[in-house]
Amino acid sequence: MSQLFGTDGIRGIINEELSPMLALKIGLATGTLFGTGARVLIGRDSRAGGEMLSKAVEAGLLATGVKVYDAGLVPTPALQYVVKEDEFDGGVMITASHNPPEYNGIKVIDFDGVELSRDKEAVIEELVFTDKHRMASWASLIHDVKPYPHVLEKYVKAVVSHVDVELIRKKGFRVLIDPANSVGALASPRVAQMLGAKVWTINGDLNPYFPARHPEPTPETLVETARVAKSLGVDLAIAHDADADRAIAMDDQANIQWGDRTAAVLAKYLAEKHLDLPRRVFTAVSSSNLVEEYLKPIGVEVVWLKVGSIGIARALMSKGGICGFEENGGFMYPLHHPVRDGAMTLALLLELMAVEGRKLSEIYGDLPKYYALKTKFRMEKAKAVKAVEAVREYFKKYRQVDIDGVRVVGDDFWLLVRPSGTEPLLRVMIEARSVERARELLREVESIVGGLS
Ligand code: MG
């Protein structure tokens, strides 16, 4: 790995790219950053190698004189919430989020319960590559790792405290939860039960092989979950990724609703519920324009940002707003904690349904209709940058946002062309009012990219 941190923590194939030796170094670097005497909470999801990596990171932290507390198996948002709430100096989560089973990863959390800023990540990277970590003297190595067992309980209680429990309980909703055989199983079914729902769980045993589905919740990986939702006739189904910071919803018709659609209906609801929150939401340029169309008429501004949840969370914290989100199902509710939180998303959706008194499919039915097409071209970064320039020039008479690739917004379409942050790829997303228009735009983009030398 030339660069340690990707867009969201450190990820790699277990024992190939991400070995216990590297984990030890990351522990040493993280301990050096937080400092001798700091209190750090560590947790993990159900992935293979979780305990191995966790112990290696712990050894590194201990060697720098950090006091280590072990939360065990917990969702990432639970660890993040408790880091802030119980005033830890930092946290470490062992997870590769939605990656395939052979991956694991390390995510470092700052004292405020949010992923480290890029600047602090760079400090850790530097320390790992130069081996300039600071070892503590023997006399400060007297602390054992202490179990910290109440993380789940605190988290679940906090999530439920943000919604109208009595109102939701009266509705007796039917809810299906698919936690992707990982730690979402420890929190989300409990949240739904506390809200009076009749709850079914599938893929609920913790299993590092992810035997039922890929841990990334997408329309492709959730086909069978949607089928179960349909046969049970639930009001809402929720599918998480392996560390349960993402939540993808399925409505009462078992339609799989992409994250920006869920964020749009939640943002409108929350804007009406909390009139005191600044009238803006934060999302990445990869989210659909339907968000802007839906929220503008009620006076809520959409702030477009680069792809990556850390920038969204930090912007939401510093500027204030109703929520932040990613189209892939990461939704941040600042009144709880400004990070992606799958169980919080579930609770808010139940409250929205209870307050509106309508079927979820009807609520989503209010959103503008778009037809989506996605494609990617394999190419080196330099060529991908040229392609972005060419697309920008071709669509120059339209409104453009150019903070991450180029986003073009027309009356009946929007599109995004951007180089991938992690792979030699050019990614293209197109949404239009009609299938024909979307296909026409795709042909135009293909001919622009194909015409490059
Ligand atoms: Mg995740």
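Five strands make up an open sheet in the order 17-21-20-19-18, and their pairing is antiparallel; two strands pair if DSSP finds at least two bridges between them, while strands (E, at least two residues) and helices (H or I, at least four residues) are DSSP runs numbered from the N terminus. Strand 17 (371-378) and strand 18 (399-401) stand at the edges with a single partner strand each, so one side of each is left without a neighbour in the sheet. Direction ignored, neighbouring strands of this sheet are turned by 15 degrees against each other on average.

This is a predicted model, in which local features need pLDDT of at least 70 and side-chain atom pairs count only at pLDDT 80 or more, whereas totals for chains, interfaces and linings use all residues. Residues are numbered from 1 along each chain as its sequence is written, and side-chain values use heavy atoms, with hydrogens and water left out.

Within the sheet, three bridges join strand 18 to strand 19 (residues 406-409) in the antiparallel sense, and Gln-400 stands opposite Val-408 in strand 19.

| Helix | Strands touched | Angle |
|---|---|---|
| Helix 14 (residues 381-394) | strand 18, strand 19, strand 20 (413-419), strand 21 (425-432) | about 155 degrees with strand 20 |

Another open sheet of five strands has the order 13-12-14-15-16, with mixed pairing. Its edges are strand 13 (301-305) and strand 16 (337-340), each with a single partner strand, so that one side of each is left without a neighbour in the sheet.

Ser-97 lies in the loop between strand 4 (90-94) and strand 5 (103-109), and Asp-241 in the loop between strand 9 (236-240) and strand 10 (247-250), so the pair ties together parts that are 144 residues apart in sequence. Ser-97 counts as buried at 2% relative accessibility, and Asp-241 is buried at a relative accessible area of 0%, where buried means under 20%, exposed over 50% and partly exposed in between (1.4 Å probe, protein chains only).

Definitions and conventions:
Axes are lines fitted to C-alpha atoms, for helices over the stretch in contact, and angles run from 0 to 180 degrees between N-to-C directions. Contact means heavy atoms within 4.5 Å.
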